[in-house]
Amino acid sequence: MSPTPRAAIALLIVAFVALAVPGWIAFSLAGVVVVLTAVDMVLARREPRVRRTITAALARGVPASLAIETNPDLRNHVDLRQARPPDFSIEPSTGRGTIDAQVVAHRRGAHRLPPVAARRRGPLGLGTCTFDADGGTDLLVYPDVFAAQRLVIALRRGRFRDPGLRTRGPLGLGTEFESIRDYLPDDDVRQINWQATERMGRPMSNQYRIEQDRDVVCLVDAGRLMAAPIRRVDDTHPGAQATRLDAAVDAVTMVALVADELGDRCGVTVYDSEIRRRLVPRRAGGKAVVRTILDIEPTLVDSDHDLAFRAVGGVKRALIVVLTDLVDEAAARSLLDAVPVLARRHAVVIASVRDPDLDAPLVHAPQTPRDVYAGAIALDVLDGRVRVMNRLRSQGATVIEAPPAQLGEACVRAYLRLKSRARL
């Protein structure tokens, strides 16, 4: 309990009045103010009922609604404040009687939302009492599952640009004839229907259904290079400090949920200098994959790609999606040495985040000598990445480089393209 500024102002007024009235009147007025303040503080001791509404499961970087309210008859006498836990943004965090806020979590994993602080004022506004209301709330922050679900819905409705979900399986070099369509530049020559081509006067291709139930294994590099911060160009919360690993986890979430939709088995392996977590491919394994990678954080050790590749290389032919960072030839040397182990037996996709900060110095005209130096450094780094990607492609891997917000879709496109061309 404590007096409010209004009580202090009342005593100050009494002090000024004491200059013009007898002393006993001034003391009496001061006593009245003190008594009223004490009574007001006692009346404010009745704890208000506070109700907080928020979903227990959030997605990193996705705003969620937070509603806090108290008794309707007390709203003008209760100030509410929601403390902000680490790695969260809450706007607004204070309000009188009610709070209608947006919560954004910037870090995956388990968190606890602190209790709501409620300060109740007495009827006269002279005394207050503060309470911790509604206790704490446990929250679980997932990767960006909403973007993954939107992509799955687009596949289901046939709105995704690449081959998507078909009720009888995707199209490709299978055994069951489906239809005849115009020839596309990346079609296999075995798909050409020569009779239809002669009849139509232009190249035509056969489409077939291919078998389902393929294995998809995501390898997530959690070493020191994946701890580097990266800025999303579409990020509406500049305070968020996402890492390359965050973008990789979002991409794996998309691939896993799409694999579920297509009827494939999906698994995941997280590694740095050792195998940290492993989930073998399983049917409808998307949710299990998300739970496995939910709270992984990067470490400060170099990654052993060869160890991870040998751990998954012995399974039957599968799509191996490796989420890592391609810095330069020196840092990627172990990756370059290890990829042939997988590429001989599996369809391999190497996916890496393209940092928007590297492109910025090359898009805008330099204004200062520092801008010139920044552009030269960016060109050197990008040139090194290109050399690494070319070497990986020469070893038989499909290489993807995309901005953070587009990495997941790029991985899904590569997955569907390989599946439709019977590469899995």
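Biologist: Which residues is L407 in contact with, leaving aside its neighbours within four places in sequence?
Modeller: In this predicted model, L407 is in contact with A247, A248, A251, L323, A351, S352, V353, I400 and A402.

Biologist: And which residues have the most contacts inside the largest nonpolar core?
Modeller: Those are V258, L323, L407 and C411, in a core of 49 residues.

Biologist: Which helix gives the most to this core?
Modeller: Helix 5, residues 244-262, with 13 residues in the core.

Biologist: What about a second core, how many residues does that have?
Modeller: The second core is separate and has 23 residues, including V217, F309, L326 and L335.

Biologist: New topic. Is V290 buried or exposed?
Modeller: Buried, because its relative accessibility is 6% and the cut-off for buried is under 20%. V290 lies in helix 6, residues 286-293.

Biologist: What is V290 in contact with, again leaving aside neighbours within four places?
Modeller: With Y142, P143, V145 and T253. As for V252, its C-alpha atom is 8.1 Å from that of V290, and the two residues are 38 apart along the chain.

Biologist: Now helices 9 and 10. At what angle do they pack?
Modeller: Helix 9 (residues 356-363) and helix 10 (residues 369-394) pack at about 125 degrees, and their axes are 8 Å apart. That angle is why helix 9 counts as oblique to helix 10. The crossing is left-handed.

Biologist: Which residues make the contact?
Modeller: Helix 9 uses L358, D359, P361 and L362, while helix 10 uses A374, G375, A378, L379, V381 and L382.

Biologist: How many of those are nonpolar, polar or charged?
Modeller: Eight are nonpolar, one is polar and one is charged.

Definitions and conventions:
Residues are numbered from 1 along each chain as its sequence is written. This is a predicted model: local features need pLDDT of at least 70, side-chain atom pairs count only at pLDDT 80 or more; totals for chains, interfaces and linings use all residues. Side-chain values use heavy atoms; hydrogens and water are left out. Axes are lines fitted to C-alpha atoms, for helices over the stretch in contact, and angles run from 0 to 180 degrees between N-to-C directions. Helices (H or I, at least four residues) and strands (E, at least two) are DSSP runs, numbered from the N terminus. Angles under 35 degrees count as roughly parallel, over 145 as roughly antiparallel, 65 to 115 as roughly perpendicular and the rest as oblique. A crossing is left-handed if the near helix is turned anticlockwise from the far one by less than a right angle, and right-handed if clockwise. Contact means heavy atoms within 4.5 Å. Ala, Val, Leu, Ile, Met, Phe, Trp, Tyr, Cys and Pro count as nonpolar, Asp, Glu, Lys and Arg as charged, and the others, Gly among them, as polar. A nonpolar core is a set of buried Ala, Val, Leu, Ile, Met, Phe, Trp, Tyr and Cys residues joined through side-chain atoms within 4.5 Å. Buried means under 20% relative accessible area, exposed over 50%, partly exposed in between (1.4 Å probe, protein chains only).
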